[in-house]
Amino acid sequence: MNLAEWRTRESFYEATARRRITGVLDQNSFQEILGPADRITSPHLEELGFPVSFDDGVVIGSGLLNGNNVMIAAQESGFMGGSVGEVHGAKMTGLLQSALATKTTAVLLLLDTGGVRLHEANAGLVAISEIQRAAFRLREAGIPILVLIGGNNGCYGGMGIFARCCDHVIMSEEGRLSLAGPEVIETAGGVEEFDSRDRALVWRTMGGKHRFLLGEADRLVIDDIRAFRAAAIELMQKPEPLTLESMLQEHRRLAERLEAYGDCKDALEIWKRMGIPGSDSIPIMDNEAFHAAIKPYVASKETQEKKCHER
Amino acid sequence: MIEQLKFDFPGHPSPVQPARGNACIGVVNSGNLEVLIESAALGGRCEVDVKTSANGFKSTWAAVLEDFFARNRFADIKISINDYGATPAIVSLRLDQAAAEIMEKEMR
Amino acid sequence: MMILGTSSGWSKLKENRHQRLQRAAQLAQGKVVPADNVVALLEAVIEPYDRVCIEGDNQKHADYLSRCLTQVAVERIHDLHIVQSNIALSNHLDIFEKGIARRLDFCYSGEQGARMARLVGEGKIDVGAIHTYLELYGRYFMDLTPRVCFVAADSADPDGNIYTGPNTEDTPPIVESTAFKNGIVIAQVNDIADRVPRVDVPAGWVDYVVKSPKPYYIEPIFTRDPAQISDIQVLMAMMVIKGIYAEYGVNRLNHGIGFDTAAIELLLPTYAADLGLKGKICQYMMVNPCPTLIPAIESGFIKSIHSAGSELGMEKYVAARPDVFFDGPDGSMRSNRTFCQLGGHYADLFIGSTLQIDVDGNTSTATLDRIAGFGGAPNFGSDSRGRRHSSHAWLKAGREASHGSTKMPRGRKLVVQMVETFREHMQPTFVDKLDAWQLKDDFKMELPPVMVYGEDLTHIVTEEGIANLLLCRNDLEREQAIRGVAGFTQVGLARSHRAVENLRHRGIIRRAEDLGIDKRKANRGMLAARSIKDLVLWSGGLYEPPKRFRNW
């Protein structure tokens with residue numbers, strides 16, 4: 001353990017939404033929109049007798065990333081599980097629309113959420129679909145959307161679907177990305193199907209390392225705000241095309257992946273089949289060791305797409 | 001049930017004047033609170049507006065806030081709080097953090 | 001002249017022992033007893049009204065033997081007097097429910113506290129006394145010597161040599177007292193092997209060995225996940241390091257288990273190192289191998305640790321650090337609660353948490369409706385008046401307590417209670433009257449169950465600051481010093497502001513600012529490890545946390 005290096009790190013996982021933003025963006029460049037002082041809070045939570053948050057649990061605004069204009073949103077992990085309510089969702093939609101109107105260089109979305117805020121029911125569901133629509137308009141205009149996932153809630157539910165509709169996903173191994181949450185799967189399918197209390201199982205199924213190996217995440221970084229920033233800077237210049245051809249290619253890639261691994265019962269089997277030596281130790285490898293171990297075998301989106309294209 | 005409490009404090013006669021603006025500290029999760037501190041035209045006074053999920057602790061809030069204003073030379077300051085059952089220790093900590101943040105904005 | 005014959009009456013215990021062994025002769029092959037024969041064995045070697053010691057330690061438990069004891073015929077075995085340090089498993093109380101046991105002398109009951117209270121109320125348990133660990137072990141050699149004892153061990157050889165390994169814990173005083181008063185020693189082991197790695201209990205002291213169907217039960221109670229340490233706990237830990245450890249030069253100490261002390265341990269490589277304190281504090285610790293100690297050990301802060309027991313998942317790490325831990329020639333650790341408590345009693349400082357503190361500084365973990373006991377905390381958390389050797393910290397504390405008097409000077413042990421002023425659900429830690437008084441009445445105890453007495457307490461640390469009770473010249477000052485760190489509890493609000501200002505002026509109360517601590521730096525970012533995974537990385541992969549602590 002290199003203590004001196006360790007102490008220079010700042011945990012993305014532990015940081016508040018505002019701190020994640022100011023840490024990722026260029027120093028002193030963040031300007032918040034609809035901040036706490038505007039007090040746009042959730043009318044639904046108030047009616048239900050729940051405490052509200054002045055920013056409804058999402059921080060949005062504009063700033064600079066490596067000198068380029070970007071717009072950015074970060075969900076607050078601790079407030080209502082980062083869930084999307086009406087106001088929360090509207091802020092994100094408005095941000096995406098504003099990004100399109102100002103032709104910003106890129107949009108960064110720091111997602112930390114269980115998905116829809118059930119307390120707000122349909123308002124939350126509608127909000128997510130509006131976010132989705134606004135995002136597609138941005139992509140159509142060639143403005144890349146980068147999703148950063150590395151917080152306590154992971155990125156689940158409708159926002160999990162949404163994350164994969166964006167250009168790039170950057171994750172840490174602490175982060176998780178999926179659709180249904182572990183408890184929901186267990187409730188629906190039984191504990192033999194998925195034991196939600198088996199945290200090792202949860203992380204090797206939905207965690208950053210596995211997502212990276214499957215090609216769902218483009219980058220796997222250490223839990224350090226600087227690492228997320230560096231990955232964002234690298235990927236902000238690389239929008240992914242949103243065309244019929246790119247969609248067909250993606251479908252081919254997914255079909256091949258399904259054929260290659262569809263019958264596996266556990267991520268451990270998938271990794272073995274990928275041919276990665278010592279794959280049982282993947283969960284405990286540190287970031288550097290992990291990348292070194294998998295390098296010759298990785299099925300990153302880039303290499304997968306290249307392979308598909310070559311066929 | 002959210003209990004709403006309002007407190008009024010005489011401002012300090014010779015206050016340290018923060019810049020126009022605001023600072024927000026804390027997260028509204030269980031055992032925690034959010035403190036929004038803002039410059040406001042209050043004729044030299046200070047106002048605190050608390051919305052809390054823990055009912056029946058008005059006198060404790062009064063004591064904590066009185067202590068806070070005794071330690072900080074503020075006037076024309078409005079504090080708004082969303083509280084989700086934080087102990088006085090955490091309330092004091094967040095108030096101090098919010099005060100430090102808004103003073104730093106004055107210095108920038 | 002008296003003629004001493006064989007029935008002179010001086011060997012009654014020895015003769016009785018032989019009778020018992022005779023009754024059990026058919027049930028064992030040499031010393032080895034098949035698991036299925038154990039109930040019959042117990043019915044053969046135990047007699048009604050016997051004093052039986054069941055190894056229910058802080059962590060390990062002879063759970064197969066205690067379960068078998070619940071199955072003996074109550075017509076044959078009844079009214080036993082149980083001496084046992086920890087009542088932890090439900091079968092420990094089942095024997096009282098059934099009338100197999102009647103009287104109890106113990107130290108701690110934790111989880112079983114509520115059921116214990118009920119059984120006492122129903123007259124099913126006659127409690128002799130609630131002890132601290134050292135007291136009970138001492139009484140094994142005085143008036144509570146066991147006639148029969150049940151112990152738990154890792155392995156035995158067919159001759160009966162026993163290996164207790166890292167989890168030796170309370171076994172030594174139990175077997176020695178029993179074996180040397182013609183008692184019967186029965187051991188359940190995980191494994192019977194041709195050779196044991198080392199002999200912790202010689203075969204000559206052991207009567208029966210049973211390979212239990214499952215390994216003995218052991219609790220991981222010393223693992224604290226760094227992810228759960230709060231910013232407030234970091235602040236308090238910083239105050240302790242700067243305001244007490246550095247101030248007195250504390251090099252020999254015990255940490256009571258808790259998140260507060262885990263925070264201190266995780267700040268040693270960072271905050272304490274920044275203050276230049278490496279080599280000046282915390283070099284000798286009497287404490288279990290808590291995973292949160294790993295960064296401080298790896299950073300070279302700690303020279304030696306002696307442990308009362310082991311900790312699940314730490315075995316490989318401990319074995320790989322023989323310069324620090326008490327590892328035997330066989331390579332594995334040997335813990336010993338008696339010696340750990342003994343060393344800790346004479347150390348320079350104890351620090352731990354508690355549930356309630358009154359205005360005189362008496363503290364208690366007693367809660368209504370539960371009979372919980374003390375464990376070993378009072379052995380650490382008390383002044384050691386039998387001490388004679390000096391150290392810098394001990395002399396300094398003694399000088400502070402003397403207030404310049406010309407009477408006989410002596411040293412003082414630093415006894416520190418570290419608490420937040422409010423617990424969960426806004427329960428105040430500081431109270432006018434301890435619940436312990438109510439408990440005394442409810443359960444007809446002679447004394448209220450106090451963990452640390454005000455007379456022994458030297459410092460209180462809360463999020464509001466440190467109160468140094470040694471410097472207080474009289475009871476009034478002490479009371480105000482306590483109120484002065486009691487925050488916004490009723491006890492704290494009733495302070496005299498003038499008195500508290502005066503105490504602060506004299507350095508009796510010190511706030512974080514007075515110690516030069518910036519509250520904004522008091523956050524989790526200061527910790528040398530913020531998760532269980534970080535601890536594993538610090539240990540180079542040697543620490544193997546139990547499944548519940550892992551997400552890999």
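This is a predicted model: local features need pLDDT of at least 70, side-chain atom pairs count only at pLDDT 80 or more; totals for chains, interfaces and linings use all residues.
Student: Okay, in which sense do strand 12 and strand 15 of chain C pair?

Tutor: Strand 12 covers residues 252–255 and strand 15 covers residues 349–352 of chain C. Three bridges hold the two strands together, and the sense is parallel.

Student: And the sheet around them: which are the edge strands of chain C there?

Tutor: The sheet is open and has eight strands, with mixed pairing. Its order in chain C reads 14-13-12-15-18-19-20-21. The strands that pair on one side only are strand 14 (304–306) and strand 21 (509–510) of chain C.

Student: Staying in chain C, how are helix 16 and helix 18 placed: roughly parallel or roughly perpendicular to each other?

Tutor: Helix 16 (residues 475–483) and helix 18 (residues 497–505) of chain C have axes 9 Å apart, and they pack at an angle of about 90°. Angles from 65 to 115 degrees fall in one class, so helix 16 and helix 18 of chain C count as roughly perpendicular.

Student: Who's touching whom there, and how many nonpolar residues does the contact of helix 16 with helix 18 of chain C have?

Tutor: Helix 16 of chain C brings E477(C), Q480(C) and A481(C), while helix 18 of chain C brings A499(C), V500(C) and L503(C). One of the residues in this contact is polar and one is charged. The nonpolar count is four.

Student: Now P269(C): is this residue buried or exposed?

Tutor: P269(C) sits in helix 9 of chain C. There are 26 C-beta neighbours inside 10 Å of P269(C). The cut-off is 20 or more, so P269(C) is buried.

Student: Which residue of chain A is P269(C) in contact with, beyond its neighbours within four places in sequence?

Tutor: Within chain C, the contacts of P269(C) are P295(C), A296(C), S299(C), F301(C) and A528(C). Another residue, M526(C), lies 257 residues away along the chain, with its C-alpha atom 9.6 Å from that of P269(C). From chain A, the partner of P269(C) is L3(A).

Student: Which elements of chain C give two or more residues to the side that touches chain A?

Tutor: The contact takes 13 residues from chain C and 13 from chain A. By class, the chain C side has five nonpolar, four polar and four charged residues. The elements giving two or more residues are helix 9 (259–274) and helix 19 (532–538) of chain C.

Student: Chain B touches chain A too; which strand of chain B gives the most to that side?

Tutor: Here 16 residues come from chain B and eleven from chain A. Strand 2 (22–25), strand 3 (33–39) and strand 5 (77–83) of chain B each supply at least two residues. With three residues, the biggest giver is strand 3 of chain B.

Student: How are strand 1 and strand 4 of chain B joined: do they run parallel or antiparallel?

Tutor: They belong to an open five-strand sheet with the order 1-4-5-3-2 in chain B and mixed pairing. Seven bridges join strand 1 to strand 4 (residues 46–52) of chain B, and D8(B) stands opposite E47(B) in strand 4. The two strands run antiparallel.

Student: What's the radius of gyration of chain B?

Tutor: Chain B has two helices and five strands, in the pattern β-β-β-β-α-β-α. For its 108 residues the globule rule gives 13 Å, and chain B comes close to that, so it is as compact as a globular protein of that length. The radius of gyration of chain B is 13 Å.

Student: Last one, chain A: at roughly what angle do the axes of helix 4 and helix 5 cross?

Tutor: Helix 4 (residues 86–101) and helix 5 (residues 121–140) of chain A have axes that come within 8 Å. Helix 4 and helix 5 of chain A are therefore roughly parallel to each other. Their crossing angle is roughly 10°.

Note on methods
Residues are numbered from 1 along each chain as its sequence is written. Chains are lettered from A and ligands numbered from 1 in the order in which they are written. Axes are lines fitted to C-alpha atoms, for helices over the stretch in contact, and angles run from 0 to 180 degrees between N-to-C directions. Helices (H or I, at least four residues) and strands (E, at least two) are DSSP runs, numbered from the N terminus. Angles under 35 degrees count as roughly parallel, over 145 as roughly antiparallel, 65 to 115 as roughly perpendicular and the rest as oblique. Two residues are in contact if their C-beta atoms, placed from the backbone, lie within 7 Å. Ala, Val, Leu, Ile, Met, Phe, Trp, Tyr, Cys and Pro count as nonpolar, Asp, Glu, Lys and Arg as charged, and the others, Gly among them, as polar. A residue is buried if 20 or more other C-beta atoms lie within 10 Å of its own, exposed if 12 or fewer, and partly exposed in between; C-beta atoms are placed from the backbone. Two strands pair if DSSP finds at least two bridges between them. The radius of gyration is taken over C-alpha atoms; the globule rule is 2.2 Å times the number of residues to the power 0.38.
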